[in-house]
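Reader: I am new to reading protein models, and I would like to go through one slowly. Could you take me through its features one at a time?

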Amino acid sequence: MTRKVTKAIFPVAGMGTRFLPATKSVPKEIMTLVDRPLVQYAIDEARAAGIKEFIFVTSRGKSALEDYFDHNLILEQELKAKGKDALLETLNATNMESGAIAYIRQHKALGLGHAVWCARRLIGDEPFAVMLPDDVIAADKPCLQQMVEAYEETGGNMVATMEVSPEKTSSYGVLDVGKNVGTVVRARGMIEKPKPEEAPSNLAVIGRYVLGPSVLYNLNQMKAGSGGEIQLTDAIAEDIGNGVPVFGYKFDGQRFDCGSKAGFLQATVAFALARSDLRDDLSQYLHDIVATGKAAQ
C-alpha cells in the first residue's frame with residue numbers, strides 16, 4: 001500500500017536576479033500575482049493535496065518570506081474591530097500553525113537537487129512532494145492534488161509534465177518515454193536540458209514532483225550534472241536504472257512560468273481576468289490598448 005504524501009519541500013533559496021531591482025529587498029516568492037504572493041498559490045495547492053508539513057529551503061535575505069506566514073496580531077485586531085470580516089478571513093488563510101512549517105538554509109547555490117537534499121532529515125523514509133513556486137498552475141483541480149491521487153495508484157516517483165516545442169527542450173528536464181498514451185506515462189529515462197536534436201521527446205518536466213525517499217539516497221552521492229550543479233532530474237533518472245518506476249503525469253491545467261517577467265505578466269492578466277471584481281475594468285483596458293496601440297508612456 002502506498003504511503004500518503006503529507007510533506008512538501010519548497011526550494012526558495014534563489015536570488016531572483018531576473019526581477020532586479022525589486023528582489024534586492026523583496027524575496028521573489030512574495031511578489032504579488034494580483035493580490036496574493038506567488039508562494040501562497042503553492043501553499044494553497046499543497047493544502048488541497050493533503051500536505052500537512054511545509055519545508056522551505058531558504059537562503060540569506062528571505063526573512064520577509066518567513067514573516068509572511070506568521071500571525072500579525074495587530075492587523076488581525078484592527079480588522080476585527082472595524083468589522084472587516086471578509087478581509088480577516090483572507091488574512092487568516094495565510095497563517096501557518098506552529099510546527100507545520102520549517103525553514104532550512106541552503107548555504108551554497110548548488111542546484112535544485114542540492115536544495116531538496118538539504119531537507120532530507122525532515123523527510124526521513126517518507127514519500128514527499130517538491131513544489132517550485134515559480135510555476136503557477138491554473139486548474140479546476142489543483143495540479144498536485146491530481147498527481148497525489150494518481151500516485152496512490154502507481155507508487156514510485158511522479159513528475160508533472162507538459163508538451164513543449166522542440167526549441168525549448170534545452171530549458172527543461174525531458175522524459176524518454178515509450179508510446180506516449182494517456183495521462184500517466186512511464187519513463188525509461190530523463191535528460192536534463194538536452195539540446196533540441198538530442199531530446200528524446202517533447203515531454204518536459206515542470207515544477208511539481210511526488211518522490212520516494214530513494215531519490216534522497218541518490219542525492220547523497222552529490223554527483224554534479226548539467227551546469228555543474230546537483231540536478232534533481234539526475235537523481236530521479238538514477239531510480240529508473242535501479243528498477244524504481246518513474247511516471248510522467250500530464251496534468252490538466254495551464255502552467256505559467258512566473259520565474260520570467262513575461263510569464264509573470266501573462267499570469268497576472270490571466271488570473272485577473274478570472275476574477276469577477278477585476279474582469280470588466282481590465283478587459284476594457286486591454287481592449288483600449290489593442291485599439292489605440294498605446295500602453296503606459
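Reader: Which helix gives the most to the lining of the second largest pocket?

Author: Rolling a probe the size of a water molecule over the atoms shows where empty space is left. Here a pocket is an open set of points, on a 1 Å grid over the protein atoms alone, where a 1.4 Å probe fits, with protein on both sides within 12 Å along at least five of seven lines, and lining residues have an atom within 4 Å of a point. In the second largest pocket, H4 gives the most to the lining, with 3 residues; helices (H or I, at least four residues) and strands (E, at least two) are DSSP runs, numbered from the N terminus. Strand E3 (36-37), H1, helix H3 (73-81) and helix H4 (85-92) each supply at least two lining residues.

Reader: How should I treat the model itself, and how are residues numbered?

Author: This is a predicted model, in which local features need pLDDT of at least 70 and side-chain atom pairs count only at pLDDT 80 or more, while totals for chains, interfaces and linings use all residues. Residues are numbered from 1 along each chain as its sequence is written, and side-chain values use heavy atoms, with hydrogens and water left out.

Reader: Which residues lie nearest the centre of the second largest pocket?

Author: Of the 14 residues that line this pocket, Asp-35, Arg-36, Tyr-68, Thr-90 and Thr-94 lie nearest its centre.

Reader: Which residues have the most contacts inside the largest nonpolar core?

Author: In soluble globular proteins, nonpolar side chains tend to be buried together. A nonpolar core is a set of buried Ala, Val, Leu, Ile, Met, Phe, Trp, Tyr and Cys residues joined through side-chain atoms within 4.5 Å, where buried means under 20% relative accessible area (1.4 Å probe, protein chains only). The largest core has 36 residues, and Phe-10, Phe-54, Phe-56 and Leu-144 have the most contacts inside it. Helix H7 gives the most to this core, with 6 residues, and a second, separate core of 32 residues includes Ile-55, Ile-123, Leu-175 and Val-205.

Reader: How many disulfides are there?

Author: A disulfide is a covalent bond between the sulfur atoms of two cysteines. With the rule that the two sulfur atoms lie within 2.5 Å, the count comes to 0. For Cys-143, the nearest cysteine sulfur, that of Cys-258, is 14 Å away, and Cys-143 is buried, with a relative accessible area of 0%.

Reader: Is helix H9 mostly covered or exposed?

Author: Helix H9 (residues 232-241) is mostly covered, with 7 of its 10 residues buried, including Leu-232 and Ile-236.

Methods:
Buried < 20%, exposed > 50% of the residue type's maximum accessible area, 1.4 Å probe, protein only.
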